[in-house]
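Subject: Model for you to look at

Hi,

Here is the structure I promised to pass on. Have a look first, then read my notes below.

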Amino acid sequence: MLMSRGKRRFLTIATYVILVGFSTYCLFPFLWMVVTSLKPTDLIRSTNPSFWVPHPTFEHYDNVLTRSSFLTFFKNSMVISVTVTLAALLVSIFAGYTLSRFMRFHGIKAVSFAMLLSQMIPGVLLLIPLYLTMKNLHLLNTSWSLILAYTTFTVPLCTFMMKSFFDSVPLEMEESAEIDGCSRTGIIFRILMPVSLPSLVSTSLFAFLNAWNEFLFGFVFINDEAKRTLTPGISLFRGQFQTDWGSLMSASVLCVIPVVLIFVFLQRFLIEGMTAGAVKG
Amino acid sequence: MRDMHRAETEKRPLPAIRLRSSISPREKRFKRIAYLYILPAVVFFILLNAYPLITVLWDSFQFKSLVNKTLTGFAGLANYREVVHNEYFRTALWNTVVWTVLSVAGEYLFGIITALALNQNVKGRTLFRAFIIVPWVVPILIAGLTWTWMLTPDYGVINLWLVKLGLLKEPYYWLGELNTALLTVVFVNIWRSFPFYTISLLAALQSVSRDIIEAAAIDGAGIRTRFWRIVMPQLKTVSLTIIFIHVIWTAINFDFIFIMTEGGPLHSSETLPIMIYRYAMEEYNFGNASALASMMLGFMMSGFILYYLISVRKNRG
Amino acid sequence: MKLKAISGILAMALILTLLAACGSKGSSENGSSASPSASESASASASASESAGSGDSGKPITLNMWAALDSTEAGKKTLAKIEAFNNLQKDVQVNVQIISYDVMHDKLIAAINAGDAPDLTWGLSEWFGELNKMDALADMTPYIDKWEDKSKIFPNVLDAVTVDGKVKALPNYLGIRALLYHKDILAQAGYNAPPKTWDELLKMASVIKEKTGKEAFGIAGKGVRSPQELMMYLAQNGLTVADRQADGKYKNTWADNPDQLKKAAEVFKFYQDLLATKTIKSDAKTWGWEEEDQNFALGQYAMVVNGPWMEGRAKDNPDTMKDVEIAAPIYSEKPATFLEVAMLFPFKSDHPDATWKLASYLIGKDYQTEINYAGNSPRSDVQATNKWGKDFLALAPQGQVFPPVSLSGITTALEDSLARAMLKNDKPEVVAQWLSDAINESLRKTGELSGS
């Protein structure tokens with residue numbers, strides 16, 4: 001680019017300063033969690049908290065992994081989140097395609113409006129009606145209740161994401177396939193899916209993250225420890241009279257790290273996926 | 001992710017042959033396909049969203065309290081009246097506006113700064129990108145608890161450091177004072193949400209054509225001019241979309257405020273969703289809770305419609 | 001077209017039903033396999049699978065019980081002891097579900113509303129009036145009256161679980177409050193005994209601050225603990241939050257009685273004095289229980305009125321907790337303390353006998369001796385085995401409890417009144433008047449206000 005050397009150097013330095021600053025801001029609480037999880041109990045809550053741990057200990061991790069049901073919670077969350085992701089993806093591919101191609105039908109317009117409306121309902125208010133619904137469907141205290149609820153919560157966003165991606169795919173591609181005698185569903189899967197991998201990945205990540213982090217419904221719908229999910233499970237370390245911060249923090253770190261890894265590995269897709277939908281407008 | 005609003009305002013090229021008045025068999029087939037494809041989404045909506053939505057609207061006109069069963073039946077506007085006359089209604093309304101506007105504005109600002117920085121060709125970009133995603137994947141509950149602890153005056157690390165660095169004379173209870181509680185939660189909420197903006201805006205930035213920017217540079221446009229004249233217009237669609245969806249999400253958000261302050265001290269950080277929660281889960285008055293929720297829905301929808309009308313007019317003009 | 005849509009919905013519904021079928025198989029213990037009937041009534045209906053087995057056929061009845069147990073050793077021990085009930089006999093089996101107090105309330109409300117409450121749950125005393133008003137609790141009076149150990153429960157504890165002459169909850173464990181003090185901090189300031197009255201505390205405070213640099217006292221200004229403390233200070237000045245009137249309903253009478261209003265104002269004046277004289281840290285005005293407990297455990301201030309659970313803090317902060325001793329709470333007019341009665345709530349079902357069987361095991365001597373040995377048993381015949389427990393238990397007779405009315409509006413008002421006094425600096429008289437009105441307004445909303 002055309003810029004004086006001094007200016008460019010200044011810009012580079014400014015960029016680094018900004019990046020380092022924001023990384024600190026972003027990482028600080030997470031690092032605090034990591035540090036706390038490694039501290040022996042008597043150093044965790046002190047009047048002079050420090051980032052330096054003289055004698056790191058893994059006792060909290062040991063406690064979480066061997067003496068609590070953390071692994072069960074983890075497995076449940078994984079199963080539920082993956083199911084939700086697949087279900088939401090399947091539903092929103094078709095719904096997104098419809099919103100993108102057939103907005104001219106009044107019914108479709110109405111559905112798109114209803115989906116937007118559903119985003120405006122505070123979750124607190126859904127608690128009691130949904131509990132009743134789940135009870136009537138005999139789904140309380142089963143993973144299905146959470147799968148259904150989370151899928152419903154994520155479908156609108158996923159649909160909008162898929163829609164904006166499909167908007168950017170030229171119609172000519174479909175038309176030539178149509179002439180070749182491909183069915184509509186065939187077109188979606190054979191023609192559109194292969195070019196939309198990044199969008200699919202970023203949409204899945206959203207769905208997965210939503211399901212993975214949800215807390216309130218996870219707690220209210222599930223009674224049995226064997227079916228409990230991760231965030232409600234972790235909150236059990238907040239005890240009756242005091243919080244077991246060491247275990248709470250190690251469990252949190254163990255909960256966050258897989259998702260961070262997934263995001264780091266897939267972040268290229270994430271950004272490409274957003275690019276595809278977002279810009280060619 | 002892009003816009004719900006744009007599709008309406010823009011004229012899409014219609015697929016292939018479209019006959020004038022009568023509906024062609026092909027169009028009929030399209031219609032069938034369209035409804036079939038959207039059906040699963042609709043089923044989810046009806047099963048788990050429509051029913052609660054209708055219950056809320058219905059209950060808002062009923063006397064419905066779990067602890068006072070002497071009053072039942074049609075209430076007319078009594079619930080609405082009671083809610084509006086609540087001592088803290090106006091505070092909560094104002095807090096909701098402050099909370100939403102400051103959060104979204106802060107998130108956008110941080111988002112665009114980090115997106116621009118990450119779009120530069122610097123070393124360690126991938127690493128920085130990974131760091132910035134972290135807040136977004138930490139569950140809200142855990143983030144809220146950790147921040148609350150870090151912000152405590154007597155054994156929280158933030159106050160300790162601020163005092164050590166000489167920025168504060170003595171520890172300050174950020175979440176416990178009337179005038180800082182809400183702002184502190186806004187700060188934490190920005191921390192949590194801005195990475196989403198970063199990713200979206202970064203995605204958009206990466207497809208801004210370098211050629212145009214360089215051409216502008218050759219024409220003598222400075223950095224500022226290039227940013228405001230060339231880059232920003234290209235980000236407009238994405239920006240409007242993320243802002244739009246976040247205004248909705250932030251306004252109805254409940255978790256962060258509830259985990260960190262429960263709306264206190266003395267309702268100074270209470271927003272409408274917290275108030276709805278209080279009506280429902282503390283007073284067990286579902287009539288009042290539903291009335292407030294309906295009003296909130298009304299506010300947001302009128303905002304949405306207003307925005308839509310303005311954007312349509314702009315497009316025409 | 002429409003037909004297709006409808007058949008599509010039906011197909012979807014069918015799939016959902018199938019899913020539901022496999023779902024409920026997994027949870028048959030929870031009794032979710034039948035009977036959606038009770039959804040209208042707020043009363044907790046029995047789940048069908050349990051009632052099916054409730055005859056004399058010999059099949060055991062399975063009870064669902066929610067317990068706020070944590071993952072500490074004590075929590076695990078309690079769980080084992082509850083589950084030991086299953087081996088004692090065969091007729092009634094308990095299925096313990098661990099739900100923390102954080103979310104138990106909301107979960108309970110959702111469950112009651114859907115007619116799906118557990119058979120027995122742990123719970124806080126603050127919920128008692130509300131659950132009673134929701135008509136969700138089972139009447140245990142006939143069982144208690146026949147129970148040979150009835151006289152062993154502290155009388156004021158038994159009162160706390162009685163409403164309109166009916167016993168509708170059972171005491172699970174106690175949280176008696178006492179004055180805890182750091183002996184070393186007092187000694188450093190030249191005192192060898194803690195204060196007895198509010199005035200003594202205020203007088204000692206400046207000396208303590210001067211000699212040790214630490215504040216003398218701690219309070220909770222917000223959260224669940226602050227109304228409990230406020231109620232205790234009111235009681236120490238001879239006041240109650242709401243009194244039962246001749247018509248069987250309740251009322252706060254301060255506004256009708258200048259003397260009472262004056263006394264209430266004195267309480268708020270006391271809070272303001274604590275702050276003004278730096279007897280408490282300035283941020284204590286919005287401390288929750290966690291800050292109050294943690295700062296005391298860290299030795300940040302000298303004295304606090306707190307419960308027996310503070311002993312558990314010695315593990316996390318051994319150095320700063322080793323000098324802690326116990327005395328009676330300070331008072332103004334009459335000695336009083338807050339008696340927290342953690343409750344067991346029995347919900348309506350068609351097998352109250354089974355619920356009682358489990359409940360009587362949990363309040364029985366064997367269970368209580370083994371679990372609540374640290375001065376937190378509601379039974380007078382369970383001796384505390386440690387020094388702490390003994391000191392706390394000695395205070396049980398002067399314990400005050402909340403009135404059995406719907407409390408959430410009232411506790412919110414109590415919490416707000418503290419903020420008005422300490423954050424907004426309203427005049428004590430104004431705050432007292434406001435609180436009196438707010439309490440009666442809350443009673444009016446729930447239909448419990450006398451004369452309405």
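A quick definition before anything else: I call a residue buried when its relative accessible area is under 20%, exposed when over 50%, and partly exposed in between (1.4 Å probe, protein chains only). Helices (H or I, at least four residues) and strands (E, at least two) are DSSP runs, numbered from the N terminus.

With that in hand, H12(B) is mostly covered, as 11 of its 11 residues are buried. They include Leu272(B), Ile274(B) and Met281(B), but also Arg278(B) and Glu282(B). After H12(B) comes Tyr284(B), with a positive phi near 55°.

Some housekeeping: this is a predicted model, in which local features need pLDDT of at least 70 and side-chain atom pairs count only at pLDDT 80 or more, while totals for chains, interfaces and linings use all residues. Residues are numbered from 1 along each chain as its sequence is written, chains are lettered from A and ligands numbered from 1 in the order in which they are written, and side-chain values use heavy atoms, with hydrogens and water left out.

On chain B as a whole: there are 13 helices and two strands, and the C-alpha trace spans about 70 × 70 × 35 Å along its principal axes. Of its 317 residues, 59% count as buried.

Now the interface between chains B and C. Contact (heavy atoms within 4.5 Å) takes in 29 residues from chain B and 40 from chain C. Together the two chains bury about 3100 Å², 59% of it on carbon and sulfur atoms; that area is the accessible area (1.4 Å probe) lost on putting the two parts together, summed over both. There are four salt bridges between chain B and chain C, each a side-chain nitrogen of Lys or Arg within 4 Å of a carboxyl oxygen of Asp or Glu. One of them joins Glu177(B) to Lys285(C), at 3.4 Å from N to O. On the chain B side, the elements that give two or more residues are helix H2 (25–59) and helix H12 (272–282), and H2(B) gives the most, with five.

Finally, the largest nonpolar core has 341 residues. By nonpolar core I mean buried Ala, Val, Leu, Ile, Met, Phe, Trp, Tyr and Cys residues joined through side-chain atoms within 4.5 Å. Helix H8 (residues 181–206) of chain B gives the most to this core, with 15 residues. Among the residues with the most contacts inside the core are Phe221(A), Trp122(C) and Met303(C). Met303(C) touches Leu180(C), Phe217(C) and Phe296(C), among others.

Cheers

Technical notes: Lists of a residue's contacts leave out its neighbours within four places in sequence.
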